[in-house]
Amino acid sequence: MAKDSPKTPKSRSATNPSVSVWAAQCEKCLKWRRIATQEQFEDIRSRFTEEPFNCPNGSCDDPADIEYDASRTWAIDKPNLPKTPSGFKRELCLRRDYSKMDTYYFTPLGKKLRSFTEVTTFLEQNPQFTDVKSSDFSFTSPKVMDDTVPSTALLANSHKKGAAK
């Protein structure tokens, strides 16, 4: 776990495996701060190396907004991924086996994009998005933090691995 990287906690709900809380870790005090929106989180993440996150208004003396623990499944997003283009929506979905997260984009027209190939095809077929480039998208998925995965999922996954031998 890189202590200076922004992280995205994930919900454990099997019916809604999307992100439930956006959070970033302060570079100075290492406390977790809730980030109000996905857009604000993506802004912090997109420039994290150049401008590490610090507690707002010098609030390092305040208690952490959220604790890193196994009460929820956490995933770490890579720093400096591009912000989602305006009008598009980036969605992260935790797999049922907790092995990884899948990244999808939804276009302003409601189409779900699952890969760079689909992004390129969509942009070619929709010239009204000339200000959007395929490099504005990243399908890099956050790393699921194993120490926060429910033990029931770990047991199920170890059983599958054993059966595959």
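Student: Let's start with charges. Which side chain does Asp 43 meet in a salt bridge?

Tutor: As a general idea, oppositely charged side chains can pair when their charged atoms come close. Here, Asp 43 meets the side chain of Arg 47, with N to O at 2.8 Å. A salt bridge means that a side-chain nitrogen of Lys or Arg lies within 4 Å of a carboxyl oxygen of Asp or Glu.

Student: Before we go on, what sort of model is this, and how are residues numbered?

Tutor: It's a predicted model, with residues numbered from 1 along each chain as its sequence is written; local features need pLDDT of at least 70, and side-chain atom pairs count only at pLDDT 80 or more, while totals for chains, interfaces and linings use all residues. Side-chain values use heavy atoms, with hydrogens and water left out.

Student: Back to the salt bridges, then. How many are there in the whole structure?

Tutor: The search of the whole structure finds 8. Some of them join up: Asp 43, Arg 47, Glu 51 and Lys 83 are linked in a network.

Student: Which residues does Asp 77 bridge to?

Tutor: One partner of Asp 77 is Arg 45, the closest N and O atoms being 2.9 Å apart. That pair links distant parts of the chain, 32 residues apart: Asp 77 sits in the loop between β4 (73-76) and β5 (89-94), and Arg 45 in helix α1 (residues 38-46). Helices (H or I, at least four residues) and strands (E, at least two) are DSSP runs, numbered from the N terminus. Asp 77 also forms a salt bridge with Arg 90, where the closest N and O atoms are 3.6 Å apart. This pair spans 13 residues, from the β4-β5 loop to Arg 90 in strand β5.

Student: And how accessible are Asp 77 and Arg 45?

Tutor: Asp 77 counts as buried because its relative accessibility is 1%. Arg 45 is buried as well, at 1%. Arg 90 is buried, like Asp 77.

Student: How do I read the strands around β5?

Tutor: Strands of a sheet pair through backbone hydrogen bonds, in a parallel or antiparallel sense. Two strands pair if DSSP finds at least two bridges between them. Here, 3 strands form an open, antiparallel sheet in the order β5-β6-β7. β5 and β7 each have a single partner strand, so one side of each is left without a neighbour in the sheet.

Student: What holds β6 to β5 and to β7?

Tutor: β5 and β6 pair over 6 bridges, antiparallel. Cys 93 stands opposite Asp 102 in β6, and Leu 92 has Thr 103 as its bridge partner. The two strands make a hairpin with 6 residues between them, and Tyr 98 in that turn has a positive phi of about 65 degrees. On to β7 (residues 112-113), which 2 bridges join to β6; Tyr 105 stands opposite Leu 113 there. That hairpin has 5 residues between its strands, with Gly 110 in the turn at a positive phi of about 90 degrees.

Student: How covered is β6?

Tutor: Mostly: 5 of its 6 residues are buried. Met 101 belongs to this strand (residues 101-106), and Met 101 counts as buried because its relative accessible area is 0%.

Student: What about the nonpolar cores?

Tutor: In soluble globular proteins, nonpolar side chains tend to be buried together. A nonpolar core is a set of buried Ala, Val, Leu, Ile, Met, Phe, Trp, Tyr and Cys residues joined through side-chain atoms within 4.5 Å. The largest one here has 18 residues, and those with the most contacts inside it are Ile 35, Ile 44, Phe 53 and Met 101. β2 (22-25), α1 and β5 each supply at least two of its residues. Another core, of 10 residues, lies apart from it and includes Phe 88, Val 119, Leu 123 and Phe 139.

Methods:
Buried means under 20% relative accessible area, exposed over 50%, partly exposed in between (1.4 Å probe, protein chains only).
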